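Let's take a walk through this structure together. Keep the 3D view open and turn it as you read.

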Amino acid sequence: MYISREIGVLTQLGPKVHYKAITGVDMSWHKNRVVSVSEDRQLCVWNAKTGESELCEKYNMDVIGVTMDQTGFYLYIGFSHKVNFCMLRYKTLTMKRSFDLMPCSRIRFSVTGSYVALVNNLDVLVLDNIYFEPVHVLSGNTSRITKLAWSYKDDYLVSCAADGSIIQWKLSTEDRRKCLTLENVKFVDIALSFCRDVLVAVGNSPYIYTLDLGSMEVARILAWQSFVYISSVCLAYSDRFLFVGGNDGKLLSVMNPLTSEEPRNRTLHPAHRTDISEIKISPGNDMLVTGTIRGTLAFWSIHVEGATRIKVPIPVTLIEKHVLMSYVKTIEEFTITLNNIHFVFDKKMNLLERSLANEYEEERKQYEAETKRKQRHLSQLVRCNNKERSALKTELRTLKNNNRSRRERLQIEFCEEFVQQALKVKQLQLEIQLGSQQYERQRRKHDSRT
């Protein structure tokens, strides 16, 4: 890789436009992908080499921030009341997990991809990307957190706030909190050096602050007369130059480390027409992405010029070595963790299989016992039904016999009563006949007398 004694020159590859202010930009290391979100509720994925759009997602809620891991396959997307963990494959975005956080103002993947830092109100929540469980809850901020930055080994995290405070959180030690507060400064962006424990911070002023993280003191303050205020800063991975964005779309590239005076080896680029809100540089230091408050996203190609060039024996070997070591460490830890997961999974699967087998055997025994009980009950019911059926038959036969004898008795009684009535009728007929005969005799006697 060649580094010029003169600063690199930017060549614009083409602007990409959102409808509203850019709220988050991130770039992957290996897939040449750039992801951007805006206040227009859109998430766009771009090809950093060609500048073409690979994906555009529209949401029905405000998208606050986004971060992408080094592989370019995994994203965390922050909304007003939740954070989604998504996988990007074959130009398709698939949500894998969702976390309820209200609100989540900032998100940042670690360099190795093992952790992700989420800003929830005034606290910073550090999640493990393997188990998706919180491993650290960093409290102590008294104002709104504006930016987060990870070290290249993931051993500490730096946050800046609107009250002028910069806090270094060391995750591996107990005494992990170092704080520096500057009055009348509202920090809006920070950038960490990959080779040294140096932090570059900018705020609502034309000053660039260089901090020594070892002593947590301000090492250098540099004022730029070209800016009214500086809104964003980005440090190259080679640690040889940095980019500063400010008002009216001005983009400044300057060699690093900074001196006490304005360095001569600098270049001011009129990149945009409005304030620059986001700056990201590729790990190869050959690509730059800038976003503005009006939604313009520009891709820049970085190249060097000048007759005097020196061939540095790969000045980023230290970075590559640290990154490779971190990768190896991460892979070893991930392998150990994966083996532990497999062991625990096998153990749990064996326990689950045994428990399922026991449950199945108990259920089978219960089913057989219940089936036998029901069969016995059914046979008892059948026997009871047979007994009841025979009893009913006997009772019916008895009733039939009783009815026959009663009918005969009623017939006899009816015959007797009929005979008696017939006799009464006969007697009445005789009495009537005798009465008529007696009446005739008396009438005759009366006629003879007269």
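**From the whole chain to single residues**

Of the 450 residues in the protein chain, 42% count as buried. Please keep in mind that this is a predicted model. The chain holds one helix and 30 strands. Its accessible surface comes to about 26300 Å², and carbon and sulfur atoms account for 53% of that area. If you look at contacts between residues at least 6 apart in sequence, 46% of them join residues at least 24 apart.

Next, let's look for empty space inside. Rolling a probe the size of a water molecule over the atoms shows where such space is left. How many cavities of 30 Å³ or more does the structure hold? The search gives one, and the volume of this largest cavity is about 670 Å³. Its lining is made up of 38 residues, and those nearest the centre are Asp26, Arg108, Leu148, Tyr237 and Lys280. Several elements give two or more residues to that lining: strand 3 (22-27), strand 7 (63-68), strand 11 (104-109), strand 15 (145-150), strand 19 (187-192), strand 23 (230-235) and strand 27 (276-281).

Is Ser232 buried or exposed? Its relative accessible area is 0%, under the 20% cut-off, so Ser232 counts as buried. Leaving aside residues up to four places away in sequence, Ser232 touches Asp189, Val202, Phe243, Val244, Gly245, Ile276, Ser277, Glu278 and Ile279.

One of those neighbours, Glu278, leads us to the charged pairs. Side chains of opposite charge can pair when their charged atoms come close. A search of the whole structure finds seven salt bridges. Glu278 forms one with Lys147, where the closest N and O atoms are 3.2 Å apart. This pair links distant parts of the chain, with Glu278 in strand 27 and Lys147 in strand 15, 131 residues apart. Both Glu278 and Lys147 are buried.

Now compare the setting of Asp62 and Arg41, whose salt bridge has its closest N and O atoms 2.9 Å apart. Here too the pair links distant parts of the chain: Asp62 sits in the loop between strand 6 (53-58) and strand 7, Arg41 in the loop between strand 4 (33-38) and strand 5 (42-47), and 21 residues separate them. Asp62 is partly exposed, at a relative accessible area of 41%, and Arg41 is partly exposed as well, at 31%.

Arg443 and Glu440 meet in a salt bridge through their side chains, at 2.8 Å from N to O. Why are they separated by about one helical turn? Because they lie three residues apart in helix 1 (residues 317-449). Arg443 has a relative accessible area of 36% and is partly exposed; Glu440, with 31%, is partly exposed too. Elsewhere, Glu361, Arg364 and Glu368 are linked in a network of salt bridges.

Let's go back to the strands and stop at Leu127, in strand 13 (residues 123-128). With a relative accessibility of 3%, Leu127 counts as buried. Its contacts, not counting residues up to four places away in sequence, are Phe99, Ser114, Tyr115, Val116, Leu118, Glu133 and Pro134. Ala117 is ten residues from Leu127 along the chain, and their C-alpha atoms are separated by 6.5 Å.

Finally, the backbone deserves a glance. Most residues other than glycine have a negative phi. Asp154 has a positive phi near 60° and is not a glycine. You will find Asp154 in the loop between strand 15 and strand 16 (156-161). Asn184 also has a positive phi, of about 60°, without being a glycine, and it lies in the loop between strand 18 (177-181) and strand 19. How do their surroundings compare? Asp154 is buried, with a relative accessible area of 8%, whereas Asn184 counts as exposed at 77%.

Notes:
Residues are numbered from 1 along each chain as its sequence is written. This is a predicted model: local features need pLDDT of at least 70, side-chain atom pairs count only at pLDDT 80 or more; totals for chains, interfaces and linings use all residues. Side-chain values use heavy atoms; hydrogens and water are left out. Helices (H or I, at least four residues) and strands (E, at least two) are DSSP runs, numbered from the N terminus. Buried means under 20% relative accessible area, exposed over 50%, partly exposed in between (1.4 Å probe, protein chains only). Contact means heavy atoms within 4.5 Å. On a 1 Å grid over the protein atoms alone, a cavity is a set of points where a 1.4 Å probe fits but cannot get out, and a pocket is an open set with protein on both sides within 12 Å along at least five of seven lines; lining residues have an atom within 4 Å of a point. Grid points are joined across faces, edges and corners, and a volume is the space filled by probe spheres set on the points. Accessible areas come from the Shrake-Rupley method with a 1.4 Å probe; for residues, only the protein chains shown count as cover. A salt bridge is a side-chain nitrogen of Lys or Arg within 4 Å of a carboxyl oxygen of Asp or Glu.
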